[in-house]
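Subject: Structure handover, salt bridges

Hi,

My notes on its salt bridges follow below.

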Amino acid sequence: MRVTWITDDNSAPSIVEYGTSPGRYDSVAEGETTSYSYLLYSSGKIHHTVIGPLEHNSVYYYRCGGQGPQFQLRTPPAQLPITFAVAGDLGQTGWTKSTLDHIDQCKYNVHLLPGDLSYADYIQHRWDSFGRLVQPLASARPWMVTQGNHEVESIPLLKDGFLSYNSRWKMPFEESGSNSNLYYSFEVAGVHIIMLGSYADYDEYSEQYGWLKVSWLHQFIRSY
């Protein structure tokens, strides 16, 4: 399970303390950091720390950076049944809070977000406000995301696409044999989930297409 958070303090450690009892952290993990600049904007220090292995269907309490508030996370079950929440195009409008409330009420195990997260659309501080907006849910259940057109944010000759998205939302692409954060796969409760990238090349000669064939073949062999 990867925990991501942002600090303004560049000296803040990328550690997550966690355990199964409130205020008692029996384990600690250290991760890595990213940051980026986008025209006149400079991000904070973006921490990415993998914790675990964790027990299935269990509640963990954790805090980031050795201080600050305590968060509570429930891990998915080991096998079916499992509940997925699926909602994309969240943005930050008057309807977003209502959508998040509905997601929360369904008592989901994993949220799948198929693109168009913050609708920052080049205005980088809106990535920060989106993070604060979804934190109550994203800190409590796994959120697995992929990109949409609003994540591209490329500026020809100046900025490559997906800079903000890739810096902030690191998915387990390397663990699934992918060479791009824009497409990956993962398994939960015996279900194999493939998250494809609509805005990454996907023709039959593309790297995504080649990865998908290998990923599907491996899963097919394992099923037998």
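**Salt bridges**

E175 and R2 form a salt bridge, with their closest N and O atoms 3.4 Å apart. The term means a side-chain nitrogen of Lys or Arg within 4 Å of a carboxyl oxygen of Asp or Glu. E175 sits in the loop between α3 (163-168) and β13 (184-188), and R2 in strand β1 (residues 2-7), so this pair ties together parts 173 residues apart in sequence. Helices (H or I, at least four residues) and strands (E, at least two) are DSSP runs, numbered from the N terminus.

This is a predicted model: local features need pLDDT of at least 70, side-chain atom pairs count only at pLDDT 80 or more, and totals for chains, interfaces and linings use all residues. Residues are numbered from 1 along each chain as its sequence is written, and side-chain values use heavy atoms, with hydrogens and water left out.

E175 is exposed, at 54% relative accessibility. R2 is partly exposed, at 23%. The cut-offs: buried is under 20% relative accessible area, exposed is over 50%, partly exposed is in between (1.4 Å probe, protein chains only).

How many salt bridges does a search of the whole structure find? Six. Here are two more of them.

- R168 with D128: 3.1 Å, N to O. R168 lies in helix α3 and D128 in helix α2 (residues 125-138), so the pair ties together parts 40 residues apart in sequence. R168 is buried, with a relative accessible area of 6%.
- D26 with R24: 3.3 Å, N to O. D26 is exposed at 53% relative accessibility, and R24 is exposed at 54%.

Best wishes
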